[in-house]
There are 2 protein chains.
Amino acid sequence: MQTPTKTSGRHRVVVIGGGFGGVRAVKALEREPVEITLIDRTNHHLFQPLLYQVATGVLSAGQIAPALRGMFRKQKNVRVLLGVVDEIDVEHHTVRMIADETTTIPYDTLIVATGATHSYFGHDEWSQIAPGMKSLDDARRVRSRILGAFEIAEQKTDPTERDAWLTFAVVGAGPTGVELAGQIALLAHRVLRNDYRHIDPSTARVLLLDATAHVLGTYPESLSERAANDLRHLGVEVELSAPVTDIGLGGLTIGSAGDARRIEARTVIWAAGVTASPLAAQLGRSSGAEIDRAGRLHVGPDLTLPGHPEVFVIGDMITIPGVPGTAQPAIQEGKYAAKVIRTRLADKAPPSAFHYLDLGSMAVIGRTRAVASLFGHINVGGFPAFLIWGIVHLANLVGWGNRYEAIARWGWTILARNRRERVISIVSLVSEQTAMNELEQLRAAETRADEEDAQPS
Amino acid sequence: MQTPTKTSGRHRVVVIGGGFGGVRAVKALEREPVEITLIDRTNHHLFQPLLYQVATGVLSAGQIAPALRGMFRKQKNVRVLLGVVDEIDVEHHTVRMIADETTTIPYDTLIVATGATHSYFGHDEWSQIAPGMKSLDDARRVRSRILGAFEIAEQKTDPTERDAWLTFAVVGAGPTGVELAGQIALLAHRVLRNDYRHIDPSTARVLLLDATAHVLGTYPESLSERAANDLRHLGVEVELSAPVTDIGLGGLTIGSAGDARRIEARTVIWAAGVTASPLAAQLGRSSGAEIDRAGRLHVGPDLTLPGHPEVFVIGDMITIPGVPGTAQPAIQEGKYAAKVIRTRLADKAPPSAFHYLDLGSMAVIGRTRAVASLFGHINVGGFPAFLIWGIVHLANLVGWGNRYEAIARWGWTILARNRRERVISIVSLVSEQTAMNELEQLRAAETRADEEDAQPS
């Protein structure tokens, strides 16, 4: 069935994905005579750079995820639909959306901005044990794991078991891994320090592992080193050139063959690989556009699909040399796509090819420190970098109901060392444990079967 | 296995349940030479009177649920354990707790305070369709249902379908039902009014149904009438003497036989019946104590189990004539149990029998109105009652990290008409829908089988 479409005869723009790219594109078309349909699988825009704060109990879900409808309440040329797009028909200019029913939605121009999800480099079974950090559901799962580990440790009498439950491994030292490891260290070594009777949370080990030789590998080397030092100062064990080769129920393995080393860590969090949303592969097949190893599309200089000037692909779904997979490029690409659409509608000359303006990259370390690389050549660390981080992030809150309230609220919550959002229950722990146990049994059975196969008969 | 117990030789008090009763008992034993173990299936104390605000997106989970550990950080004679107690051995003075492992915990004195859960009056299959309102998980489910219904309605072209998705039925007009219905009406008629393009949320119907002739049946009649009027003023359709006899996938049935009336409501929320935690029945069996229709125990005048002066049962698990199932009695009972324990430890004369001091009952209607019955004979309504409600609730925040922050935060959030905590995703909707569909198919198959059985052969 077809959803009701206005019969205004206006140019129909369909935007898939309400992340940084999609939302900016919609905003930038505010005054245009177009009819926009924004489709997302959730009802909110996720401010992903702060997701690690939900995972560590600092902020609530609602604080980093305003409702998309609220953001576009006053922009009357947009309708927002909750649904999943599973098919794009570039020939017939329609997308198929699944919600309560399945709907076909026609477009004149399409903007695909469904981002990326985590990739376990061919080891999808690791996802059960080592949750990733992409959605609010992920963040809640990670929070439940981290806080649950302290609870279980409190009840253990065997010191080896207890230590394993008090060991947290974050795999991947990009911005998410760095920020998460820093927060877990703060949680263990400061916030929870006096909360337990049998364990001393300040003895918890927090490991940050990366296969490469640097934390924040895309940053200038001086900042990478500064970040690694700041993390160590917070009590994070930074292990570099440490490729994870296996993740199992009780912990993980670093390196292979003779070099392999096992780490007993009951909590493992995945912040290593990402892969583009499956729609990228689909668009690649139907347009012949190339796809890179991370599943990202090569698009034209105006961010459109080869042979389909009416289809824009932006954000983490595409690959442009030298452009990182962060919020800034997605925002700039969303604005650019809107600009191209505007010039077309006005029959003006199209803008020149998309050019990424590197405003900088930032990562917070612990409570009041950060590293920031600005405009590609200014490097700042420590508290000044944290201040810059705060200003930039708050300035980027698009369509927040009340920015001043947000500033007050965040400032308070972040600086007050409080962890109000710590809600977990035995139910979530038990279901996690059950899923992990089942997986482990399955793997054990497979290993036995493999060994039996390998027996000389 | 046995958890590590201190070997101080001190009197061991085990408290099961970190609700109002349990938490107050623990607090009141702060200066006693006892060794307290507080067991709860979640890691937080739930401020249940505000649960409806989480269900309607006003407050976040963390705002009404401080971590138990945080509350008792400084009370060194308490250890907090996350786990479920499934068995109490009153002969051997032990409880069995299930967490990561199963543990037996010995006690000298036991306080059982695990409260109540919802009862569907023998129709447990309704629970899939009509979620209750007891835990934070329940509240999140209700929120997902309410917000999801507007999303689905927005996509419907058939007006009958659309209207059914815009009809919300709350079953049970006690305080929870009244407060929830008021908030849904506010959400639909004010907060979301301009958020949609195809539907007009202000046309949504919010029904509050009760089998009896009154809302807030335990309140003085003048307040019941005032509350009903205030609700109608907010746009809630209050239907009294309307017993719900069936709840199915599309809606519910009121009355039976010739009188039966069907209401098409895609969202049904259960706020009608409660039944005591299963531990009550277990204690009844092992002590011979009587149990009422709602599964609540009859305990002695000092709140102990017959024949077991060392076992206290408090809060929603017990029945005392004239005492309602709300926070106040649980708090007073928790304090009383602690007092009995104190006098025993000091070898003093025990206090006289437990006497409930009726401080009053209150329910909020909409944004700034309430009804309050104080000390059993003063009745207040409107904004003055709301102010009293605010003061009493804030005064009752035990062990909150920072009460002033809480006041500022709540005041702002409640009065600012904002609904920040609106996060849902298609995943939660789809899984709800799937579960409901499966159930409906099951029921249809059963009906067919019944009809076939009934065919004259």
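**Entry 1: a buried glutamate.** I looked up B:E154 and found it buried (under 20% relative accessible area; exposed is over 50%, partly exposed in between, with a 1.4 Å probe and protein chains only), yet B:E154 has no salt bridge. My cut-off for a salt bridge is a side-chain nitrogen of Lys or Arg within 4 Å of a carboxyl oxygen of Asp or Glu. The nearest side chain of opposite charge is A:R69, 4.3 Å away; Lys and Arg count as positive, Asp and Glu as negative, and His and the chain ends are not counted.

B:E154 sits in helix α5 (residues 136-155) of chain B; helices (H or I, at least four residues) and strands (E, at least two) are DSSP runs, numbered from the N terminus. What does B:E154 contact, leaving aside its neighbours within four places in sequence? I noted A:R69, A:V80, A:L81, B:Y196, B:R197, B:H198 and B:I199, with contact meaning heavy atoms within 4.5 Å. The backbone nitrogen of B:R197 is 3.0 Å from a polar atom of the B:E154 side chain.

**Entry 2: how I read the model.** This is a predicted model, where local features need pLDDT of at least 70 and side-chain atom pairs pLDDT 80 or more, while totals for chains, interfaces and linings use all residues. Residues are numbered from 1 along each chain as its sequence is written, chains are lettered from A and ligands numbered from 1 in the order written, and side-chain values use heavy atoms, without hydrogens and water.

**Entry 3: salt bridges.** A:D86 and A:R96 meet in one of them, at 2.8 Å from N to O. A:D86 lies in strand β4 (residues 84-89) of chain A and A:R96 in strand β5 (residues 94-98) of chain A, so this pair ties together parts ten residues apart in sequence. A:D86 is partly exposed at 27%, and A:R96 is partly exposed at 32%.

Next I checked B:E264 and B:R266, whose closest N and O atoms are 3.2 Å apart. B:E264 is partly exposed at 38%, whereas B:R266 is buried at 14%. Salt bridges with shared partners join A:D100, A:E101, B:K156, B:E161, B:R262, B:E264 and B:R266 into one network.

**Entry 4: a hairpin.** Strands β12 (residues 244-247) and β13 (residues 251-254) of chain A pair antiparallel over three bridges; DSSP must find at least two bridges for a pair. Three residues lie between the two strands of this hairpin. I found A:I254 as the bridge partner of A:V244.

How values were computed
A polar contact is a pair of N or O atoms within 3.5 Å; within protein, one must be able to donate a hydrogen and the other to accept it, and residues adjacent in sequence count only if both atoms are side-chain atoms.
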